[in-house]
Amino acid sequence: MLGDMKPFNLAGNIYFVGTYKASSHLIDTGDGLILIDTGYAETADVIAESVAELGFDIRDVKYILHSHGHYDHTGGTPKILELTGAKTFISEDDVKYISGWKPDHFYRDGQVISLGNTQILCVATPGHTEGTFSFFFDVDIDGKTYRAGMFGGAGTNQLKKAYLHKKKCSWLNRGLYFESVERLKQEHVDIFLGNHTWNNQTKENYERMLVSDTNPFIDETKWLPFLQKCEKDAEAVMLKESRDSFVNYAHRGASEYTPENTFLAFYTGMYMGANGIETDVQMTKDGVLVLFHDDTITRLTGAEGRVSDYTLDELRQYTFETNGQTDKIVVLEDFLRQFAFRDITFAIEIKQAGIEPQIADMIRKYHVEDKAIVTSFMPECIRAIKEYAPELHIGLLTKNVTDDTVAYLKQIGAEEICPRAVDVTPEKTAIWHREGLNVRPWGVKNEELMRQVYDSMADGMTVNFPDKLAKYIREQAEIQELFG
Ligand code: G3P
Ligand code: CA
């Protein structure tokens with residue numbers, strides 16, 4: 001059974017032996033064959049037959065290199081291994097994606113794999129997956145040396161938040177993708193190989209090749225525009241998501257209208273159109289996690305002392321009042337019990353150091369890991385909770401974003417940066433997106449600032465007046481629909 005692509009000599013010692021949906025390339029090193037990617041399990045026979053049709057013996061495949069661990073690049077490996085005694089290579093970070101075979105070697109970044117006349121440089125280019133590798137090697141054709149190159153994982157759908165959530169991948173893959181593209185731009189490539197045919201128009205170029213004296217695959221002008229397109233595609237994913245999944249967080253609930261951090265405020269926020277709730281967590285003297293903002297209870301109760309100086313029962317004696325409306329202190333567990341099942345995102349701010357494990361345990365107990373982000377102005381608190389519960393998403397609230405801030409966030413694996421609303425511009429949002437960070441400003445004092453933040457393409461914001469933000473978002477969506 002042959003596939004939907006005819007196997008052919010692409011350039012020099014490189015042969016195409018894959019299918020339209022998943023490319024595979026064979027390199028004839030003069031001392032054995034190297035196969036790059038094995039396609040789907042269902043098309044392993046196609047590869048084997050393509051190799052034979054080109055006049056090669058599949059048993060001569062000595063090395064199998066995998067660009068990354070996804071099934072469409074590794075699925076055929078068990079079958080090909082049955083036919084060859086080949087040694088396999090993949091990144092250790094992508095082993096979690098494979099099944100049915102055990103790799104012989106893990107790549108090192110910058111490693112050169114040599115066989116016969118070919119030396120393949122393996123470059124770590126994470127983003128599409130954690131362990132995506134790209135390949136570069138020289139090819140001699142008619143006494144001239146050309147550089148062949150392949151980006152091992154160009155697809156950007158894998159940068160979507162929903163995908164990253166579902167597959168339990170780090171949001172940092174978003175930032176790593178841009179870094180990888182930058183790295184790839186440093187390479188000169190004359191023969192651009194795609195690990196999917198649509199990357200380098202394999203089919204169209206093959207057809208062109210049949211009727212032309214020149215080889216369309218040898219074209220040094222193709223590589224950089226492709227990488228620029230990859231970059232644009234990744235930016236587009238983030239921009240689209242910043243609109244499609246924008247989070248209007250009712251800040252301490254709808255705190256402009258109702259007593260902050262109370263059920264009245266949370267429900268009001270939700271009914272006003274918020275799709276997120278922001279709240280603050282502290283621990284009482286008797287060890288209960290409660291939702292309370294200030295260091296002391298004075299502003300809301302008139303009494304002296306901190307939350308941690310009072311038991312829950314003592315705090316329950318107080319009534320909070322805003323605009324003539326009243327309500328009582330809320331326990332974090334009661335809040336989660338009532339809101340966990342709703343389609344709402346939570347921004348849970350740690351207001352006391354040392355209570356991180358208890359907060360994480362509560363998030364786990366109510367299974368809201370995927371829709372909660374834990375934030376704090378205290379960098380050590382978000383680091384502590386990430387260390388305790390790596391699956392949780394964390395964000396840093398900060399009054400001053402520097403290069404060090406971003407470096408720290410990347411180092412601790414944070415997903416979100418929360419700058420002051422007045423500091424946010426479209427340019428800064430774009431930069432933080434490229435670092436792989438979700439952007440969620442705070443301190444939105446008025447509607448003008450609210451509009452400015454939304455228009456900066458941030459991913460969310462906290463507002464005391466979620467009704468006004470919900471209205472603005474609706475209006476913008478209508479404008480977008482009418483005028484594009
Ligand atoms: O949106 C985060 C915001 O809540 C940070 O400020 O003082 O209201 O907790 P604060
Ligand atoms: Ca807060």
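Guide: Of the 484 residues in the protein chain, 55% count as buried. This is a predicted model, in which local features need pLDDT of at least 70 and side-chain atom pairs count only at pLDDT 80 or more, while totals for chains, interfaces and linings use all residues. Residues are numbered from 1 along each chain as its sequence is written, chains are lettered from A and ligands numbered from 1 in the order in which they are written, and side-chain values use heavy atoms, with hydrogens and water left out.

Visitor: Why does the pair glutamate 278 and glutamate 349 tie parts of the chain together?
Guide: Glutamate 278 belongs to strand E14 (residues 276-283) and glutamate 349 to strand E19 (residues 345-350), so the pair links parts 71 residues apart in sequence. Helices (H or I, at least four residues) and strands (E, at least two) are DSSP runs, numbered from the N terminus.

Visitor: Are glutamate 278 and glutamate 349 buried or exposed?
Guide: Both are buried, as buried means under 20% relative accessible area, exposed over 50%, and partly exposed in between (1.4 Å probe, protein chains only).

Visitor: How do you know that histidine 251 makes a polar contact with ligand 1?
Guide: A polar contact is a pair of N or O atoms within 3.5 Å; within protein, one must be able to donate a hydrogen and the other to accept it, and residues adjacent in sequence count only if both atoms are side-chain atoms. Histidine 251 has a polar side-chain atom 2.7 Å from an oxygen atom of ligand 1, and the distance for arginine 252 is also 2.7 Å.

Visitor: Why do the buried residues of H16 line one face of the helix?
Guide: In helix H16 (residues 426-434), the buried residues are Thr429, Trp432 and His433. Down the axis they fall within an arc of 105°, so they line one face; the arc is that of the directions from the helix axis to the C-beta atoms. Exposed Glu427 and Ile431 are on the face turned away from the buried side.
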